[in-house]
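I opened the notebook on this structure and wrote down what I looked up, entry by entry.

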2 protein chains.
Amino acid sequence: MADPIEFYFDFSSPYGYLAAQRIDALAEGHGRAVAWKPFLLGAVFKTTGMRPLLEIPLKGDYLKIDLPRSARRLGIPFTLPQPFPFLSVAACRAFYWLTDRDADKARALAKALYAASFAEGRDISGAEAVLRVAAGIGVEREALAAALQDPAVKERLRGEVQAAIAKGVFGSPYVIVDGAPFWGHDRLDEVALWLERGGW
Amino acid sequence: MADPIEFYFDFSSPYGYLAAQRIDALAEGHGRAVAWKPFLLGAVFKTTGMRPLLEIPLKGDYLKIDLPRSARRLGIPFTLPQPFPFLSVAACRAFYWLTDRDADKARALAKALYAASFAEGRDISGAEAVLRVAAGIGVEREALAAALQDPAVKERLRGEVQAAIAKGVFGSPYVIVDGAPFWGHDRLDEVALWLERGGW
């Protein structure tokens, strides 16, 4: 089987959320697996000098129109949580700790965290909120609470963020298929075409 | 007939060039006209604090992959001219001077300027280059040369740029359909759907 499709996203990225609703089915339709790779856009912004989308004059106003409109077109529930943007460090640490133990459950956690924030509009920035969502899918609370404070888990996340930057990831979502990069939820149809044709 | 679709673009925007190859046919397919509205991204960047795409670390590298790949998928010839980005003030002034006299010819000039820069890779930043392209479609050289220096034409362009910013235009291409804004050449399929459904 070919290598998994790499799916980079930030838990606080609304377009990452939209892509997350579609990426597994898209890949499966072409006989491919997906490696889910959350990272921290804030760390990447330090490299690129970019800023959170909604803070950019004019562009921020546009996105408040484009986001719900994109979600409606795709039939995906969407709420912009408050506060926004929010810190997703705890969510990321939880994901990487869990994926080293049970990759399927880690993916379920990622989906549950995205649903909590962008479907239900809940604040998932704190450790307590992440623990609650994780408990909802059967993750043992005490073990995860300890992991969120574990220097090894923190280091694991730092390494993933550095690896993402080294691969050129500058935005969320960002998909890499057999070395070919695609940025944005609006490139997913092109990703499907790329898989179908094997490039062009 | 409904209002024309507003098509905002910078002559130095490669994604604007890609959209320019498709916008007229797309609108015509839905019985709509297109108002072509070149503007100066540099002036908008002063409002938004954004920067030319290729100058952004990581994102610039990605765009050098995405641009020719997008063009190949659409079957559109593409060359990134040198220097890039370039000043498009002369091109814009020529367009607005001409459109007040002959709107069809102004659109033909816009297409010829885009073809010279992004299909043939020529430098169209200077007045001399713009005069040469314009002469190629039958625009009288002396009259246009005088217009490029005319304070009234300069003021006409300034007014158009301010009007674009007032409408929220922050990038190129940017399409407004009956008040609904769409940013990016990758939103053209969505524009077509919007026209078909009358929104959603």
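Elements. I take helices (H or I, at least four residues) and strands (E, at least two) as DSSP runs, numbered from the N terminus. The model is predicted, so I kept its rules: local features need pLDDT of at least 70, side-chain atom pairs count only at pLDDT 80 or more, and totals for chains, interfaces and linings use all residues. Residues are numbered from 1 along each chain as its sequence is written, chains are lettered from A and ligands numbered from 1 in the order in which they are written, and side-chain values use heavy atoms, with hydrogens and water left out.

Entry 1, the interface. I looked up contacts first, meaning heavy atoms within 4.5 Å. Chain A puts 34 residues in contact with 34 residues of chain B. Next I took the buried area, the accessible area (1.4 Å probe) that two parts lose on being put together, summed over both. Between chain A and chain B it is about 2900 Å², and carbon and sulfur atoms give 57% of that. Which three residues supply more of the area that chain A buries against chain B than any other three? They are L58(A), Y62(A) and R69(A), with 22%.

On the chain A side that touches chain B, α3 (41-48), α4 (59-74), β4 (180-183) and α10 (188-197) each supply at least two residues. The largest share, eight residues, comes from α4(A). I sorted that side by class, with Ala, Val, Leu, Ile, Met, Phe, Trp, Tyr, Cys and Pro as nonpolar, Asp, Glu, Lys and Arg as charged, and the others, Gly among them, as polar. It has 19 nonpolar, six polar and nine charged residues.

The rule asks for a side-chain nitrogen of Lys or Arg within 4 Å of a carboxyl oxygen of Asp or Glu. D66(A) and R187(B) form a salt bridge at 2.7 Å, N to O. Within chain A, D24(A) and K111(A) also meet in one, at 2.7 Å, N to O. That pair links distant parts of the chain, 87 residues apart: D24(A) is in helix α2 (residues 23-28) and K111(A) in helix α6 (residues 103-119).

Leaving aside neighbours within four places in sequence, I found L193(A) in contact with W200(A) and R73(B).

Most residues other than glycine have a negative phi, and most peptide bonds are trans. L58(A) is not a glycine, yet has a positive phi of about 70°; I placed L58(A) in the loop between α3 and α4 of chain A. A cis peptide bond joins Q82(A) and P83(A), with omega about 0°, and P83(A) lies in the loop between α4 and α5 (89-99) of chain A. Another cis peptide bond joins S172(B) and P173(B), with omega about -5°.
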